[in-house]
Structure formats: C-alpha cells, structure tokens
Amino acid sequence: MADMNGDQIILDVKQATKAFGGLLAVNGLDLRLPKRALQGLIGPNGAGKTTAFNLITGIIPLTNGAVEFKGERVDGLEPFEITRLGIARTFQNIRLFSNLSVLDNVRIAYHAHAGYGLVDSILRSRRFTEKEAELTEKALDFLDIFKLADIADETARNLPYGQQRRVEIARALACNPALLLLDEPAAGMNPREILELMELIHFIRDRFELTILLIEHQMRVVMGICEYLTVMDFGEVIARGTPREIQENQTVVEAYLGKGAGKSAAS
Amino acid sequence: MEQLGYLLSSTVKILGLIAWIFGLLWGLGRKPLWQKLLTIVAAFAVIQALFGFKIGSFQFFSAFDQGLLFQAVTMAMVALGLNLIYGFNGQFSLAQWGFYGLGAYCSADVTYRWSNGDAGGLIVVGLGVILAGVAIGLVRMFLNRKRGVPVLSAFTFYLFGILAAVFIAVQVGKPLATACLPLFGTVDAPGPLSAPIFLQIVFPLSVIFAGAFAAEVSFLFGLPVLSLGSDYFGIATLGFSIVVQTLMVNSDTILPFPEMKGGRGMIGITKLTTWFWAFAFLIFVIMLIRNFVRSSTGRATLAVREDEIAARAMGIDVASSKLLAFVLGSFVAGIGGGIYAHYIGFLSPNTFSFIKGFDPLIIVVFGGLGSLTGTVAAAFGWIFFLEGFLRVLLGQLGTDAPSWRFVLYPITLLLLMLLRPKGLLGTTEWGFFQASIVKRKIAAPLDKGKGEGVAATPPPPSEVGKPTTGNKH
C-alpha cells in the first residue's frame, strides 16, 4: 500500500454503488489509482467489474457514491465529456466502427481535438486543410507505433480478432487519455497473442505515461503484469493486495472455486 | 415502329443523364479549382443547350422531359438529405417528406406574396428565420452553462425562444411590409419593386429561407424525438409527416394563410425555377453534403451509426451529432421543396402525403445506403424510368396502361433487392464524393527518433499482422 500514499491519485472511486432494482450490482466500491499504476480488477462472472467500468466512464449513472478524476468529480458528466477529460476505455466485446477503415477508426477518436469546426469543413477553409492533414498524419504515426499502418485502409470488420483488439486499444489511446480502462483485453486470444498483449500493455504504459486499470479473467495476464489487484464478488470488494497476496487469499479462492475448495485436495 | 423509336430515345436519354452525373462528379473531384469551375459551367451548358435543341419535330428535351429533369433535381436533393440522416447517421426517418413540403409551401408563399405586391412574406420569413437562429444559439449558450438539463426542459426553452423570435419577426415585419407597399405601385403603374429582376432575387432568398425554416423546425422536432431508439424515432417521424400534411390541408382554416387554399391546393405560384437555379442549388447541396461527410464531424456522424456506445466512449457527443445530421438533412429537403414549388407552380397537400414520402427512401436504398453517388444517380434514373420511360411507353398501349408502372417498378425493386441487397452502388463513391486518398509522407515509418524507442522495446505483435498485410488492396 506504500505507493498509494505518496503519489498523486489519478482516479478515486468512493463508495460507488449501483442498484438495478433490488440488485446491488456494485456495492460501496472503493478504488484508488495512483499515477502510472497498472492495476487489475478481477472476480468471478457477474461480480460487477464491467458495471464498475461503466460507472467510471459514465455510461450508466451512479446510484450512490462519487468518482473523482484528477481531483475533480466526474460522476454525472456525459460519457463523451469524461472521455474528453482523459479516461478512455476498450470494451469486453470489441466495439470497433466495423464498416469503417482502421485509419478512420483512429481519426474518429481525434474528433474532440480536431481543431476545426463545422463551418471550416463546409467552406473547406485553409484551417480545415491544414488540420485535417495534420490529424491524418498523426493518426498514421499512431498506427505505425502499433504496427497497423499497413492495414490502415482495411475495413475494421475484416481484421483477425487479435488485430481488432489492437485497433481498439490504439483507438482508445488516440483519445489522448491519462487513464486507460481495458475490459478483458485478452479474451479469446491464444497463448502467443496473450504474450504479445502483455508486452503491448507494458509498452503503452511507458510510451504514453498512462495509468491502466484492467479487468481480466486470464490469470496469466493478471498475475503477470498487474502491480495491485482488487477482487470483487457479488458487487463487493472481497480482497485487495499484490498478485502474490491475492493468490494466497482464502476468501478469493472460495469466491472462485466455492467453499472448502481451498482445503480440498481434489481442487 | 414509333414505340421502338421512343424506346431507343428514352434509353439514350437515361444513359446520357447518368453519364452526365458521373462526368459532373468526376470533374468536381479534380484537384485544380479551374477544372472544377469548368466542369460546373460545362455541365450546366450541355443541358441548357439541349433544352433548345430541336431538329424538325424531334426535341431531345421536350417540355415534359424538362419537367422530369427538375423533378429529378429536387428528388436528388431530398434523397441526399435523407441519405445523410439514414445512410450516414443511421436514423430511420420518414419526416424528410414533411420537411420537403414545409420548404415548398414556405418558399412558395414568399414569392406568391411578392408577386402580388406584398413584401411581408419575405420580410417576416427572413426575419423570423434569422431571429429564431439567434434564439437557438442564445438558448444553447445558456443551456451549456447549466449542467444536466433534461431533454424536455431544454426543448421547452428552445420552443419559447423560437416563439419569441417569431413573435418579434411578425410584429416588426408587418409595419415594414406596409412601408414597402407604395414601392410596388399598382397594376397600372408598377413601382420599382415590381420589376421582374427583384423576383429573381427574392426567389433564391425564399429557397434558402425555406431550407432554414425546415432546418429550424427539424431542430425543434428532433431535439426530443432523436433521443428515442431508432424504431420509435421512425414512428415519430411518420407522425410528423402526417401532422404536416394535415396542417397543409387546413392551412386556410386553422392556419392564417388563405392564399394556400387548404386542401384545394395553392395555385398561382410564379414558375421561377429555371435550369440555372435548379442546377445552382443542386451543386450547392452536393457540395454541402460532401464537405460535411468528408470531415471530422462527418466521421463522427458515421461513428454514431456504427456504434453509439463506442462513439460516446470516443468523446463524441452523440445527441448533438444526430441532431446536426438531422437538421442538415432537413435543410436540404427544404431547399428541394422550394425548387419544386417554383417549377410545378401548384402545390397540393396530396403531393406531400406520407405514402409519397417513401419515394426518397426507395431512392436512397436503391442507390445504396451511405453512397452519395448512388443517391444522385438513382434519383435521376428513378424519375426518368418511372415517370418518363414507363409512363409514356405504357401510355401508348392504352389509357389505363400507365397505372401498370406501379406494378412494373415494384417488381424491378424486388429484383434489385434480391440481386443487390446493398443497393446499386453499395457504399462505393465516385469522383467528388470519394474520400481523399491518404498519402504517406514518410516511406519508412520507424526511422524517426520516437520509432527507435519502439523498435528497442519488445515490439508489439507483428506476426499477427502478417496475414493481412500481404493482401492489402
């Protein structure tokens, strides 16, 4: 817990609660992310992890509690406003703009920073020409970093799964975030792709000075790259700690495998 | 034999027009400005010359064909607007026809009053449209400062803002119109404003104002309704078209416009649409839509169609994006209406029934959702095929035969949808409508300082990329 006191806290989720009717999907979630942290949010299916992401990004409103980003409250803002403040995310089931090209997918993420308005584009002013060229150049540089420049013209839908994931991460980073939320980035990947993904996550954190929070089921990824874990079950936090601490935590083992599983030799 | 000749000449006509459209788009897509201008002048001159072209009794563009051409131009505008809303933004709208009707009536009323020595139409509509625009801007600024105003409350603010603007416009416009009255003179001694040249100025103004009027109505209508899901939005827009038509039928009783003559139809509109104006407005609309679509805002519009949630997560204001596309599409429809009213010279509420409102929808789907080229080509092809080709061809078989075109053309549609479910052109574009090709400045991407850092760190997966890098088109 040492790193949580000295450093600047970038995301502070305080007692976040979401009730769907009588069901508490997320109940009193506390989450603090210091700058440049790489933390994981894990838990069995239906634990409320994705709901927690949706609360942070404003896609669904909080029932109770608060979300602070860089010391300012962001709960109650529209999702697009939160993104513009610097929180970007990817989705569990990839949500690319599937009929558009890879380049356009990334250029869309630049929209908020395009630097020209509607009047400029309709009149094709000098500003439009300059900024549009600049934006395209920036997007292409970006695709270079992710080794996607060769397929810039390809329709996103036609890409293999692993590449779609990378396009989605590239697109999220093009929003110029300070905090990146990755929702199950390794889902459906084969072992080699997972290895590459782990390298990619490390690389983007260093390259873009990001804070990263990820949801993941693949324990290899979680234990391999996360510095700190928060474990949820039935909407509540059941454990926190380093990957090593979590692996030995009895409550966590029970949540995943059922009561008594930790003691039983058969499991 | 006569039928055969007709068959031949109309086929040539349809193919020629399609070639003309593609040529126009190709020329507009050229980079140098003088080539664009030359294309516009040439495209205009070709048709204008054909209007007067006559050998003996044979006329390439008969008066009937000229009518079809104007109809095709208006249809192309309305369909372009609809393609923006439905094809590019993904909002299934049946209101387009209603906005078309609003534009037609609005601009017809302005010129009708002017031709009858009353400047009130132009002044009130012009002032109203401008003031309402200002009111929308002010309310928007006010609402941006206040956070979390529900949609319906925002709607109420806008509504009152616009009503106030209209009230001011009417109060200011009436005395101004009265002051202008002497300038029109009498029938025996026409004043300076009665000169025909003024009508040529009032006409394009009335068309622009009609477009703006339709756009403002669509803003007010779209604000609350666009937040509905797509199917529900579709039903609401159907309702809008029906409301508009009902208002037209009762324009002389529940609305204070006796000159519109309600269900009997508005007569006596000066036929001001010349090929020059029709073509000028067509070029204007084509440029407007294309410049919008091929910009960052246009890409945001596409993103909303593809995936709303992802668009939000990318920092796109989905509600504004939808509203913008809807307003722009309606603006274009209003302009189309203005052109139509002054070509036909007679407006009947029956023309604007929602059943006819499916026509632009058919054109958009027929040409290809999301293909502007397809829309323009389909609009011309559709009008000339259905109203020109089939009607006259069948007309030679007997007096009742022309009705059979409504059997023949749905069959054509059925066949097309079976053979090419994405429309004639799918999403492919031609010439001017094409997205500009992205050229890389740097050939070797990793030569830069930053790039080296990337190469040194364990590079992100490259093997995965290989299968597709090979067959890059």
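This is a predicted model: local features need pLDDT of at least 70, side-chain atom pairs count only at pLDDT 80 or more; totals for chains, interfaces and linings use all residues.
B:Glu306 has a relative accessible area of 16% and is buried, because buried means under 20%. Other salt bridges share partners. A:Asp104, A:Arg107, A:Glu132 and B:Arg299 are joined in this way into one network. Over all chains, the structure holds 22 salt bridges.

Two further pairs lie in chain A. A:Asp183 and A:Arg89 form a salt bridge, and their closest N and O atoms are 3.7 Å apart. This pair links distant parts of the chain. A:Asp183 belongs to strand β7 (residues 179–183), whereas A:Arg89 belongs to strand β6 (residues 87–89). The two residues are 94 residues apart. A:Asp183 is buried, at 0% relative accessibility. A:Arg89 is also buried, with a relative accessible area of 2%.

A:Glu227 and A:Arg205 make the other pair, with an N to O distance of 2.7 Å. Here too, distant parts of the chain are linked, and the residues are 22 residues apart. A:Glu227 sits in the loop between α9 (219–225) and β9 (228–233). A:Arg205 sits in helix α8 (residues 191–208). A:Glu227 is partly exposed, at 35% relative accessibility. A:Arg205, at 11%, counts as buried.

Chain A is divided into two parts: domain 1 (1–86 + 177–267) and domain 2 (99–176). Their C-alpha centres lie 28 Å apart. Domain 1 gives 20 residues to the contact, and domain 2 gives 13 residues. The size of an interface is often given as the accessible area lost when the parts come together. For domain 1 and domain 2 of chain A, about 1,300 Å² is buried between them. Carbon and sulfur atoms account for 76% of this area. On the domain 1 side, A:Pro177, A:Leu200 and A:Phe208 supply 34% of the area buried against domain 2, more than any other three residues.

Which kinds of contact cross the interface of domain 1 and domain 2 of chain A? Zero salt bridges are found there. Three residue pairs are in polar contact. On the domain 1 side that touches domain 2, α3 (79–85), β7 and α8 of chain A each supply at least two residues. The largest share, seven residues, comes from α8(A). By class, this side of domain 1 has 13 nonpolar, two polar and five charged residues.

Methods
Residues are numbered from 1 along each chain as its sequence is written. Chains are lettered from A and ligands numbered from 1 in the order in which they are written. Side-chain values use heavy atoms; hydrogens and water are left out. A salt bridge is a side-chain nitrogen of Lys or Arg within 4 Å of a carboxyl oxygen of Asp or Glu. Helices (H or I, at least four residues) and strands (E, at least two) are DSSP runs, numbered from the N terminus. Buried means under 20% relative accessible area, exposed over 50%, partly exposed in between (1.4 Å probe, protein chains only). Domain bounds come from an automatic or database domain assignment. Contact means heavy atoms within 4.5 Å. Buried area is the accessible area (1.4 Å probe) that two parts lose on being put together, summed over both. A polar contact is a pair of N or O atoms within 3.5 Å; within protein, one must be able to donate a hydrogen and the other to accept it, and residues adjacent in sequence count only if both atoms are side-chain atoms. Ala, Val, Leu, Ile, Met, Phe, Trp, Tyr, Cys and Pro count as nonpolar, Asp, Glu, Lys and Arg as charged, and the others, Gly among them, as polar.
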